[in-house]
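Student: I would like to learn how to read a few local features in a model. Please start with the terms.

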Amino acid sequence: MAFGSLFPPRVLAGSGALELAAPVWRQMGQKALIVTDPMMVSLGNIAKLEEVLKKAGLSYCVYPDITGEPTDIMIVQGLQLYQEQHCDFLIALGGGSALDSMKAIGALATNGGRISDYMGKEIQIPPPPMTAIPTTAGTGSEATQFTIINDTTREIKMLLKGQVLMPQLAVVDPQFTVTAPKPVTASTGMDAFTHAVEAYTSKKATKLSDTFAISAIRRIVRYLPLAYADGNDMEAREEMALAALEAGIAFNNASVTVVHGMSRPIGALFHVPHGISNAMLDERCFAYVLDGAYDRFGDLARAVGAASSQDTDRGAAEKFLEVVQTLCKICQIPTLQGYGIDRDAFFQAMDKMAEDAMDSGSPSNTRKPLTKEDLLSIYRSLW
């Protein structure tokens with residue numbers, strides 16, 4: 001059966017990749033809007049980017065106000081600065097929030113309207129040229145056609161998409177991931193892990209997306225514990241940066257499934273970082289849908305050495321759940337209660353969360369058919 005695939009037009013990866021970007025930026029425009037967060041400024045990462053831009057003879061202005069996961073309000077403010085400063089291309093340096101914000105700002109710069117107008121629609125008019133420089137190894141936003149923005153009025157996380165949202169350039173330089181603290185390393189690493197597992201077990205998986213998903217999972221299972229234990233382990237940081245890119249390519253083409261569908265409402269209503277809310281759900285969600293894809297989950301267990309060819313698909317799949325448990329334990333992923341979420345508030349919000357999850361479409365990609373009642377059952381099981 002034929003299938004199509006979407007990949008980043010250009011990737012610069014490895015130590016020193018930032019220095020190679022200047023010639024590409026000269027072709028993109030004359031003045032960049034740099035989308036980032038205050039921490040990137042204080043850590044000196046923006047200064048490194050500014051130095052390269054200055055050497056290239058390019059003008060820029062900095063929008064450093066992506067504080068937390070991006071909201072529609074942040075996007076409006078960034079767009080205003082882009083227009084006021086007469087910028088003609090964009091660079092995002094930071095975690096997934098900065099990268100997603102850049103995509104949303106770029107989309108509005110050419111498509112107009114409000115970002116909430118595009119929920120459930122495909123963004124089609126190309127934004128200005130965009131470069132994504134991830135400083136965490138997890139979201140994979142540098143390699144996807146998606147952006148996630150919080151609608152502050154409706155209190156939902158909007159999953160917005162369009163092939164035109166794929167950045168023209170991804171700069172995957174592990175020097176920037178070294179500054180990520182342990183909680184961020186855990187959150188983003190588990191996000192990449194979830195991307196890869198869901199891509200492989202999605203109904204939309206292809207042979208090509210499978211290749212990237214399995215490679216990402218192998219890297220993450222081996223190197224996430226090392227990067228978490230020692231943030232200065234450059235080999236682990238570089239391998240995790242590549243794994244996040246691979247996982248991004250995988251789910252960009254195969255999509256995500258039940259975990260992401262159920263995770264976004266938790267993040268929107270209880271302000272849990274995206275990777276952490278994914279990890280909170282991973283074991284329970286995968287266990288619930290295991291019987292719909294024993295062969296696929298079994299493949300993953302064999303790929304990481306947790307099972308052998310002697311194991312049945314079901315036996316291997318169940319061993320993969322142990323891999324999930326181990327990663328969550330190593331990364332010290334909290335429970336909902338441990339994170340400080342009130343049980344009564346969670347149960348009161350559960351119906352809305354299940355509705356929002358189903359409306360996102362992600363659960364429908366799961367190989368096991370799921371209903372709203374199934375999602376409610378999983379949410380209840382978290383307590």
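Tutor: Helices (H or I, at least four residues) and strands (E, at least two) are DSSP runs, numbered from the N terminus. This is a predicted model, in which local features need pLDDT of at least 70 and side-chain atom pairs count only at pLDDT 80 or more, while totals for chains, interfaces and linings use all residues. Residues are numbered from 1 along each chain as its sequence is written, and side-chain values use heavy atoms, with hydrogens and water left out.

Student: Where is Ser 255 found?

Tutor: Ser 255 is in the loop between α8 (234-254) and α9. Most residues other than glycine have a negative phi. Ser 255, although not a glycine, has a positive phi of about 70°.

Student: Is Ser 255 buried or exposed?

Tutor: Buried means under 20% relative accessible area, exposed over 50%, and partly exposed in between (1.4 Å probe, protein chains only). Ser 255 is buried, with a relative accessible area of 15%.

Student: What span does helix α9 reach from its first C-alpha to its last?

Tutor: The expected span of a helix is 1.5 Å times one less than its number of residues. Helix α9 (residues 258-270) has 13 residues and reaches 19 Å, close to the expected 18 Å. Twelve of its 13 residues are buried, so α9 is largely enclosed by the rest of the structure. Among the buried ones are His 260, Arg 264 and Phe 270.

Student: How many disulfides does the structure hold?

Tutor: A disulfide is a covalent bond between the sulfur atoms of two cysteines; here the criterion is a pair of cysteine sulfur atoms within 2.5 Å. The structure holds zero. The cysteine sulfur nearest to that of Cys 61 belongs to Cys 87, 3.6 Å away, which is too far for a bond. Cys 61 is buried at 10% relative accessible area, and Cys 87 is buried at 8%.

Student: How many aromatic pairs are there?

Tutor: Rings of Phe, Tyr and Trp (its six-membered ring) pair if their centres lie within 6.5 Å; planes under 30 degrees apart count as stacked, over 60 as edge-to-face and the rest as tilted. The count comes to nine aromatic pairs. The rings of Phe 146 and Phe 251 have centres 5.9 Å apart and planes at 10°, so this pair is stacked. Phe 146 lies in strand β6 (residues 146-151) and Phe 251 in helix α8, so the pair ties together parts 105 residues apart in sequence.
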